[in-house]
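This report describes selected helix contacts, aromatic pairs and backbone features of a single model. Please read it alongside the sequence and the coordinates.

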Amino acid sequence: MKMRIALFLIALSLSVSAEETTRDRTLNTAVDANYLTDLEKEVIYEINLFRSNPSEYAEKHIAPLAKYYERKVLHYPGDKSIMTQEGISALQECVRVLKKASPVPVLYPDKLLTKAAKDHQKDQSKTGKTGHTGRNRSNLKDRIERYGKWQVRIAENIAYGNTSAQQIVIFLLIDDGVKSRGHRANLLQPDFKSIGVACGSHPRYNTMCVMDFAGGMESK
């Protein structure tokens, strides 16, 4: 049986088509952001879909995955099997929490945050490392402040080994193996209004996606 491990450290693409006309424009905030790839736009849309109605998202997209667990192995539909750390209990806990969660504002793509996220993605695509520290010892704050001044608060989520926007968001929400559920907390944080996304290759996990969040950004 083929397996891969999806990592989540602290806290497929769809081209613009007729499908866009059926989407709620208020959620599809990245549709005109030409500096983003299709997958990166999809990640923002998926996050906004979740944030607009966490309870419905959990019921429709997360709860049904329970039937695909075999002990601690998740046979993700249409993808490779994944060895989890907690098994189905993490999914069940996630669904319980999200059913009680209130909607929060949608996120808007930000070019400055995207540059910061892209710096880290490019760095790890070469080094094969994981986590939030860059090769030059830079942290999230360092990378964001290269490009502008952030407002309120900042955070970063990184997903490794996922193949679609929905899978990226779902696994960060379940946050298997992360005691603090920090990735989920970031995705539910109402103070965040802006997001930068950079998805690309990773030598160990094949793919990675960096998401940088802020209450807002101002140019230097």
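Asp175 counts as buried, at 0% relative accessibility, where buried means under 20% relative accessible area, exposed over 50% and partly exposed in between, with a 1.4 Å probe and protein chains only. The model is a predicted one, in which local features need pLDDT of at least 70 and side-chain atom pairs count only at pLDDT 80 or more, while totals for chains, interfaces and linings use all residues. Residues are numbered from 1 along each chain as its sequence is written, and side-chain values use heavy atoms, with hydrogens and water left out.

Asp175 lies in the loop between H6 and helix H7 (182-188), helices (H or I, at least four residues) and strands (E, at least two) being DSSP runs numbered from the N terminus. Just after H6, Asp175 takes a positive phi of about 55 degrees, and this positive value occurs in a residue other than glycine. Most residues other than glycine have a negative phi. Asn206, which lies in strand E9, also has a positive phi, of about 75 degrees, although it is not a glycine; Asn206 is exposed, with a relative accessible area of 55%.

## Helix H6 and Ile170

Nine of the 10 residues of H6 are buried, so this helix is largely enclosed by the rest of the structure. The buried residues of H6 are Ala165, Gln167, Ile168, Val169, Ile170, Phe171, Leu172, Leu173 and Ile174.

Ile170 is found in H6, which spans residues 165-174, and counts as buried at 0% relative accessibility. When neighbours within four places in sequence are left aside, Ile170 is in contact (heavy atoms within 4.5 Å) with Tyr57, His61, Ile62, Leu65 and Tyr76. Ile170 and Tyr57 are 113 residues apart along the chain, and their C-alpha atoms are separated by 9.5 Å.

Helix H2 (residues 54-62) packs with H6 at an angle of about 110 degrees, with the axes 12 Å apart; axes are lines fitted to C-alpha atoms, for helices over the stretch in contact, and angles run from 0 to 180 degrees between N-to-C directions. That makes H2 roughly perpendicular to H6, on a scale in which angles under 35 degrees count as roughly parallel, over 145 as roughly antiparallel, 65 to 115 as roughly perpendicular and the rest as oblique. The contact is made by Tyr57, His61 and Ile62 of H2 together with Gln166, Val169, Ile170, Leu173 and Ile174 of H6. By class, this contact of H2 with H6 has six nonpolar, two polar and no charged residues, where Ala, Val, Leu, Ile, Met, Phe, Trp, Tyr, Cys and Pro count as nonpolar, Asp, Glu, Lys and Arg as charged, and the others, Gly among them, as polar.

The axes of helix H1 (residues 38-52) and H2 come within 5 Å and cross at roughly 115 degrees, and H1 and H2 are therefore roughly perpendicular to each other. This contact is made by Glu46, Leu49, Phe50, Arg51 and Ser52 of H1 and by Pro54, Tyr57 and His61 of H2. The contact of H1 with H2 has, by class, four nonpolar, two polar and two charged residues.

## Aromatic pairs

The structure holds four aromatic pairs, a pair being rings of Phe, Tyr and Trp (its six-membered ring) with centres within 6.5 Å, and planes under 30 degrees apart count as stacked, over 60 as edge-to-face and the rest as tilted. The rings of Phe50 and Tyr57 have their centres 5.7 Å apart and their planes at 80 degrees, so this pair is edge-to-face. Both Phe50 and Tyr57 are buried.

The rings of Tyr160 and Tyr205 have their centres 5.9 Å apart and their planes at 55 degrees, so that pair is tilted. Tyr160 lies in strand E7 (residues 148-160) and Tyr205 in the loop between strand E8 (194-202) and strand E9 (206-219), so the pair ties together parts that are 45 residues apart in sequence. Both Tyr160 and Tyr205 are buried.

His120 has its place in helix H4 (residues 111-127) and is buried, with a relative accessible area of 1%. Not counting residues up to four places away in sequence, His120 touches Gly131, His132, Thr133, Gly134, Arg143, Glu156, Ile158 and Val210.

Tyr108 is found in strand E6 (residues 108-109) and counts as partly exposed, at 47% relative accessibility. With residues up to four places away in sequence again not counted, Tyr108 touches Thr29, Lys193, Ser194 and Ile195.
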